[in-house]
Amino acid sequence: KSMKLDIEYIRKQFPAFDKKALDGQAFFENAGGSYTCKPVIDRLYRYYNERKVQPYAPYEASTLAGDEMDEARERISQILGVDTDEVSFGPSTTQNTYVLAQAFGQYLKSGDAIIVTNQDHEANTGPWRRLVDRGVEVREWQIDSETGNLNIQDLMAILDDNVKLVCFPHCSNIVGEINDVEKICKVIKAAGAYSCVDGVSYAPHGIPNVGKLGPDIYLFSAYKTFGPHQGIMTINRELGMTLPNQGHYFNADSLYKRFTPAGPDHAQIAASAGIADYIDDVYSHHSSLNGGALERGEFVHDLFRDHEMNLLQPLLDYLGSKNSIRLLGPTDASKKAPTVAVSLKSNPEAVARELADHGIMAGGGDFYAVRCLEAQGIDPSHGVLRLSFVHYTNKAEVDKLIAALDHVL
């Protein structure tokens with residue numbers, strides 16, 4: 001079987017492409033949330049129809065409900081390369097990070113330091129910065145104002161014995177540059193600190209092998225990885241059991257309940273197993289091998305990335321050739337996720353409205369990355385035009401986008 005993504009097959013797995021309401025529309029706002037794949041929709045539908053009871057009771061509907069929730073955690077953890085109980089679900093990544101920040105706030109002592117970046121979405125920087133109120137020193141690992149790049153030497157310059165935690169993104173939802181998580185985490189670990197990586201903007205382009213990358217905490221959003229509206233978090237057991245419990249006191253021994261103070265959304269957790277179904281389906285369609293969950297995940301990750309890079313480069317070349325606009329982040333597709341932010345003289349939201357008339361769904365604004373825009377000299381109230389896609393986007397749609405941009409810009 002071929003190593004090239006079968007885009008016709010892929011698009012058949014997403015009901016959105018068959019819907020009249022979306023006919024003729026090319027979706028370029030995937031960084032805000034992706035279309036949902038059929039296995040997730042099927043599981044959600046089944047849960048609401050047949051299992052919508054309190055889970056983990058001895059009667060059948062309840063037992064099945066609990067089994068499906070456990071299945072989601074188990075299968076997603078295998079793809080991520082972490083233990084089952086190291087995965088927890090919450091209402092969103094922002095909420096998960098906020099709960100973590102509360103835990104670290106209780107754990108850290110006055111005089112301890114943490115490092116955050118100004119490349120991040122506010123979710124992985126705002127809650128941490130509030131720890132200043134508890135006497136924690138907050139240092140900022142700053143991006144290059146021209147390129148938006150996070151330089152590892154700049155991190156090393158502010159990393160000392162006082163630093164207990166470093167929070168940074170796998171890739172920014174504006175700059176799009178893929179940070180070398182494995183290398184950065186090694187540096188952080190050598191300095192005796194913990195690492196917290198926001199993978200929200202990266203995971204839609206291939207769920208990573210978190211075990212191999214080595215962060216202590218990794219966060220992403222199921223609704224951007226073709227699933228329901230949940231935040232998914234991995235936390236390594238040693239750290240998770242060291243931090244103060246944020247859940248009910250009688251759940252303190254259960255790692256995956258320690259950072260979920262509110263009752264989780266049972267149906268959406270169960271439906272998240274559909275993300276694993278989808279990865280397995282894509283794998284078996286493209287490969288004749290019989291790999292384990294981790295191998296299947298890595299194979300599909302690479303398949304998605306190759307397809308996206310091939311579509312991304314022509315778009316970057318086109319935008320890079322225009323003097324009237326500023327393309328943020330790398331111009332080389334191999335260094336970047338297909339999240340493309342463009343600074344324009346005209347109003348980005350107005351441009352997005354114009355693109356809508358051409359059948360292009362895109363957005364303008366600050367995308368909760370206010371600090372990142374300010375650091376690059378862009379007024380957040382003016383914002384940027386953002387064009388983002390994932391593996392189910394095809395070449396015809398990118399061609400259509402370029403033609404529409406040509407017209408509108």
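1. Ground rules. This is a predicted model, so local features need pLDDT of at least 70, side-chain atom pairs count only at pLDDT 80 or more, and totals for chains, interfaces and linings use all residues. Residues are numbered from 1 along each chain as its sequence is written, and side-chain values use heavy atoms, with hydrogens and water left out.

2. H2 against H3. Helices (H or I, at least four residues) and strands (E, at least two) are DSSP runs, numbered from the N terminus. The axes of H2 (residues 38–50) and H3 (residues 60–80) come within 10 Å and cross at roughly 155°. Axes here are lines fitted to C-alpha atoms, for helices over the stretch in contact, with angles from 0 to 180 degrees between N-to-C directions. H2 and H3 are therefore roughly antiparallel (angles over 145 degrees count as such).

3. Who touches whom there. Arg43, Arg46, Tyr47 and Glu50 in H2 meet Ala61, Ala65, Glu68, Met69, Glu71 and Arg75 in H3, contact being heavy atoms within 4.5 Å. That contact splits into four nonpolar, no polar and six charged residues. For the classes, Ala, Val, Leu, Ile, Met, Phe, Trp, Tyr, Cys and Pro count as nonpolar, Asp, Glu, Lys and Arg as charged, and the others, Gly among them, as polar.

4. H11 against H12. The axes of H11 (residues 273–286) and H12 (residues 293–320) come within 9 Å and cross at roughly 75°. The two are therefore roughly perpendicular (65 to 115 degrees). On the H11 side, Tyr278, Ile279 and Tyr283 are among the residues involved, and on the H12 side the list includes Phe299, Val300 and Leu303. By class, this contact has eight nonpolar, two polar and three charged residues.

5. The sheet. Four strands make an open, antiparallel sheet in the order S9-S10-S13-S12; strands pair if DSSP finds at least two bridges between them. S9 (326–327) and S12 (363–365) are the edge strands, each pairing on one side only. S9 is joined to S10 (residues 339–343) by two bridges, and Leu327 stands opposite Val342 in S10. H12 turns up again here: it lies across S9, S10 and S13 (384–388), at about 5° to S10.

6. A loop residue to look at. Asn251 sits in the loop between H9 (237–242) and H10 (266–271). Its relative accessible area is 19%, so Asn251 is buried (under 20%, using a 1.4 Å probe and protein chains only). Leaving aside neighbours within four places in sequence, Asn251 is in contact with Lys257 and Arg258.

Conventions:
Angles under 35 degrees count as roughly parallel, over 145 as roughly antiparallel, 65 to 115 as roughly perpendicular and the rest as oblique. Buried means under 20% relative accessible area, exposed over 50%, partly exposed in between (1.4 Å probe, protein chains only).
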